Amino acid sequence: AGTKRVKRLNNASNPPIDQAIMNPTADVVALRSGNGQGGTSLNIFSLQMKANMKSTTIQDRVDFWKWIDEKSIAIITPTRVYHWGIEGQAQPTLKF
């Protein structure tokens, strides 16, 4: 298997990626940018399809985020916890 890469050009409308987390079982990577000021952008990118699967903006700083299974990411801000599924177009759901 070859090395897979995600290339992204940094410009004003595309802020630099702060962090990337690889899906534990699929060729899918989650990307975080702009952590804090004006919200945090999150994208889920399929390496196999070479396409963005979905994106969202959390209106707060994301302190921690992690794949909790092959289809969901837990997102933790200073005051809230969300779960975000990679399937469909659903936005992150507030857990508490």
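**View 1. Ser46 side chain and the backbone nitrogens of Met49 and Gln48.** In this predicted model, the Ser46 side chain gets to the backbone nitrogen of Met49 at 3.0 Å. A polar atom of that side chain also sits 3.4 Å from the backbone nitrogen of Gln48. Both are polar contacts (N or O atoms within 3.5 Å; within protein, one must be able to donate a hydrogen and the other to accept it, and residues adjacent in sequence count only if both atoms are side-chain atoms). Ser46 belongs to strand β3 (strands are DSSP E runs of at least two residues, numbered from the N terminus). Ser46 counts as buried because its relative accessibility is 4% (buried is under 20% relative accessible area, 1.4 Å probe, protein chains only). Setting aside neighbours within four places in sequence, Ser46 is in contact with Asp27, Val28, Ala51 and Met53 (contact: heavy atoms within 4.5 Å).

**View 2. Thr56 and Gln91.** Thr56, in strand β4 (residues 51–58), pairs side chain to side chain with Gln91 in a polar contact of 2.4 Å. At 9% relative accessibility, Thr56 is buried. Beyond neighbours within four places in sequence, the contacts of Thr56 include Trp84 and Pro92.

**View 3. The largest nonpolar core.** This core has 14 residues, and Trp65, Trp67, Ile73 and Ile75 touch the most other members (a core is a set of buried Ala, Val, Leu, Ile, Met, Phe, Trp, Tyr and Cys residues joined through side-chain atoms within 4.5 Å). Strands β2, β3, β5, β6 and β7 each supply at least two of its residues.

**Notes.** Residues are numbered from 1 along each chain as its sequence is written. Local features need pLDDT of at least 70, side-chain atom pairs count only at pLDDT 80 or more, totals for chains, interfaces and linings use all residues, and side-chain values use heavy atoms, leaving out hydrogens and water.

Key:
Helices (H or I, at least four residues) and strands (E, at least two) are DSSP runs, numbered from the N terminus. Buried means under 20% relative accessible area, exposed over 50%, partly exposed in between (1.4 Å probe, protein chains only).
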